[in-house]
Amino acid sequence: MAVIIEVLGWGGKRRKYFKVDADQVSIGRGYDNDIVLSDPHISANHLRLNACGEGWSITDLDSLNGLQVIKNPSTDERIFTSGAEIKLGRTKLRLVSESHPLEDTKMLHRLERDTSKLNRLSVWLPLLVMVFVTQLTSVYTSTLAEWEWKNTIPVIISAQLVIFIGAIFWSLVGRLVRQEAHFLGQYSLILLASLLFTGCGWLLSTLSYNFSSVLFGDMAQQLVSMSILFLLLSANLALATNLSSRARWSGCAAFVGVILIIGSIGQMKSWDEFSPFPQYSSTLSAPPLLVVKGQTTEQFLADIVPLFQLADKAALEK
Amino acid sequence: MIKNREAFAVVRMALIGILLWSSSICAQNDIARNLFADYKSAILQIRIIDLTSGSKSTIGSGFPVDNSGLIATNYHVIQLAATKPQQYRIEYLTETNKVGELRLVDVDVINDLALVQAVDFDGESMQLANREPEIGMPVYALGNPLDLGLTVVPGTYNGINRASYHPRVHFTGSLNPGMSGGPTMDREGRVVGINVATAGNQISFLVPVRRLQALVSDYRARGAAIENMQQRIGEQLMADQQQKFTALFARNWQGIGLGEAQVLDELAPFVKCWGGSNSSDEKAQFLSADRSCRSEDNIYMTSNFATGILEYQFIWLEADQLNSWQFYNYYERLFGDFAPGNRAGEEDVTDFQCDHGFTQKPSGRQSKSVFCLRAYKDYPKLYDVLFLQGSVDDKERALISHFTLAGVSQENALTFTGKFMEVSQWQ
């Protein structure tokens, strides 16, 4: 009966495997063994496997560091059946038979199938130009003083550098995990997210300027940026790793959750803290962004009356 | 010869002048010396004793206004004992080092006055002047500056100062911490004012003696000490703001030009306006002109809390070399930078509650209006109000209007806001 011996790496992943078609298999560091392992903690002739019904029996050949059983599906502890894991020295081995069941074949992620579309210069370049233009516009409209290129270029270059480093990081991860870098694809994803982020930010701030509703307030802005981060991360992961979609979603959710928690801890200090200064909305946008009509003075005065009751209530709480 | 004689005459005149001048100084010193000798037993050091540590926390001065041991001082001297009677008591120390207990019987927080009663006081009392001295008359302030012992400070009476709604006597002389609550007397030893504050450089302020007379007769008419000091203070603040705003609303609210806009001019003689612009700055990219008005009324509540101020401010902006987006960025930064002009702490007031919205004048001018207020925790129905308005429909020009009212009722705050929005116009 053939036996497959898998050498396991980090996280139980298979690093390499040996297939031996014999009833007796010897394992050790010595070159006379059927399976030769290089771990210095393994003895020259460490152990021997003997086929025995549906499994194998193991004989320790008086090794220095012995044998440690990690997992054995068999009910008889002297017999090791397919799927058993043992440890010799520092090396973990799994014994598998040819008929060992396999996991279902995974479908390629949509993004991966379309990756050829994304991983193209004709996608990346227009995106890059668009991001460049939005950044330029955003810096231009937020200056207080005379426009000077020397003040603008460092800002834009450093933002582009951050995006570039992000793309490098993910393509390195892809190269290591899947032997596929998808550099332009990763780059395009980050550019796309940055465009989305800027667009949503502008839309929300214009809405919140016109309609003072909590729907468009700081909370909404945070929620939107976290959602974009979540989508971006899970897309990056889908391109760079083999994670199942469930693992990917939950990993990204956990990451975004941690960021939210850290953010809230930072704000916790100011909760319930007295301030002698009023916290009011000071946003003023150029006239083209104002679409609502103002109320009359009388309406405004009527609208602020409830503030007095609110303050009275706060005063009673002391 | 003739020349010599003339020279002699000049020298003689000069000598006579010096003699006269020194004799007048001598006379002044004599009066100061006599007043000091006559009244030193009547000037008391008022001390606020912390019950936990047993030591004095604050000192000031005070003087008896009648033979029963009714003593006048400043509210700010005894404030700790008035607001935290369970933690502080008041005592006096005479010039002969006699110590006695004092009981707070009444206050006038608006004029920074307090009356305390000594139980077995046998010192002399001081006479209150019935007439205001003429401007330029020498007067003498007495008190215990910095715990250095009784001191007399000669100075000049300069009349009632009109720069504040609550009248104060302008005294040209140096008042120092610890002299608060002491009397300032004329040559005959009659009290013309109560030492209260200094603005440095020989400019000091006294509470006019009329205010003390009013408080004393009010107390005598009632015949009993005030039980609930907090309520008394709240009533005084409420009545004072009512009187002040009724008077303000009765006036004609005049506009004055600022840029292309009309803004509120000096509302009353006690409201002083100042202004400026960046027009002389050659590097300026935009034009800014401002006008700020305020009344110098700070009603002392605690060391960390003052009320009673009224201030308003207007800023006219023109984009000049900035484009519309840059101009609005600058404008927004300016708009976000407003704060109330009075101090207040967590013990005294709530956090600000704010509301904002767009308002439109009949002329079509659109503005963003912000209204913020905080309530007083110990004095119900009194608020600090901050109002802010900025025009939002012109690409290159803008007007910011702002006011702060400290210690105002809801009704007066709303009326003031309405009138303010009406007068400050930019057609």
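About 4800 Å² of area is buried between chain A and chain B, and carbon and sulfur atoms give 65% of it. Buried area here is the accessible area, taken with a 1.4 Å probe, that two parts lose on being put together, summed over both. The size of an interface is often given in this way, as the accessible area lost when the parts come together.

Some housekeeping. This is a predicted model, where local features need pLDDT of at least 70, side-chain atom pairs count only at pLDDT 80 or more, and totals for chains, interfaces and linings use all residues. Residues are numbered from 1 along each chain as its sequence is written, chains are lettered from A and ligands numbered from 1 in the order in which they are written, and side-chain values use heavy atoms, with hydrogens and water left out.

Back to the interface. Chain A brings 49 residues to the contact and chain B brings 60 residues, where contact means heavy atoms within 4.5 Å. How many residue pairs are in polar contact between chain A and chain B? There are 15, with both residues at pLDDT 80 or more. A polar contact is a pair of N or O atoms within 3.5 Å; within protein, one must be able to donate a hydrogen and the other to accept it, and residues adjacent in sequence count only if both atoms are side-chain atoms.

On the chain A side, helix 3 (121-141), helix 5 (183-210) and helix 8 (297-317) each supply at least two of the residues that touch chain B. Helix 8 of chain A gives the largest share, 14 residues. Helices (H or I, at least four residues) and strands (E, at least two) are DSSP runs, numbered from the N terminus. By class, this side of chain A has 27 nonpolar, 16 polar and six charged residues. For the classes, Ala, Val, Leu, Ile, Met, Phe, Trp, Tyr, Cys and Pro count as nonpolar, Asp, Glu, Lys and Arg as charged, and the others, Gly among them, as polar.

Now salt bridges, meaning a side-chain nitrogen of Lys or Arg within 4 Å of a carboxyl oxygen of Asp or Glu. Over all chains the structure holds 24, and the count between chain A and chain B is one. That one joins the side chains of B:K381 and A:D312, at 2.9 Å from N to O. Another salt bridge pairs A:K19 with A:E98, at 3.1 Å from N to O. This pair links distant parts of the chain, 79 residues apart: A:K19 sits in strand 2 (residues 14-21) of chain A, and A:E98 in the loop between strand 10 and helix 1 (110-113) of chain A.

Next, empty space. Rolling a probe the size of a water molecule over the atoms shows where it is left. On a 1 Å grid over the protein atoms alone, a cavity is a set of points where a 1.4 Å probe fits but cannot get out, and a pocket is an open set with protein on both sides within 12 Å along at least five of seven lines; lining residues have an atom within 4 Å of a point. Grid points are joined across faces, edges and corners, and a volume is the space filled by probe spheres set on the points.

The largest pocket has a volume of about 1100 Å³. It is lined by 37 residues, and the closest to its centre are A:D218, A:Q279, A:Y280, A:S281 and B:C354. Which element gives the largest share of this lining? Strand 20 of chain B does, with four residues. The lining has 13 nonpolar, 14 polar and 10 charged residues.

The second largest pocket holds about 650 Å³ of space. Of its 16 lining residues, the closest to the centre are A:E6, A:R14, A:R94, A:L102 and A:E103. Strand 10 of chain A supplies the largest share, three residues. By class there are four nonpolar, four polar and eight charged residues.

Finally, the cavities: the whole structure has two of 30 Å³ or more. The largest cavity has about 100 Å³ of space, and its lining includes B:K361, B:R365 and B:W426. That lining is made of two nonpolar, seven polar and two charged residues. The second largest cavity has a volume of about 70 Å³. Helix 4 (229-250) and strand 23 of chain B each give at least two residues to its lining, and helix 4 of chain B has the largest share, five residues.
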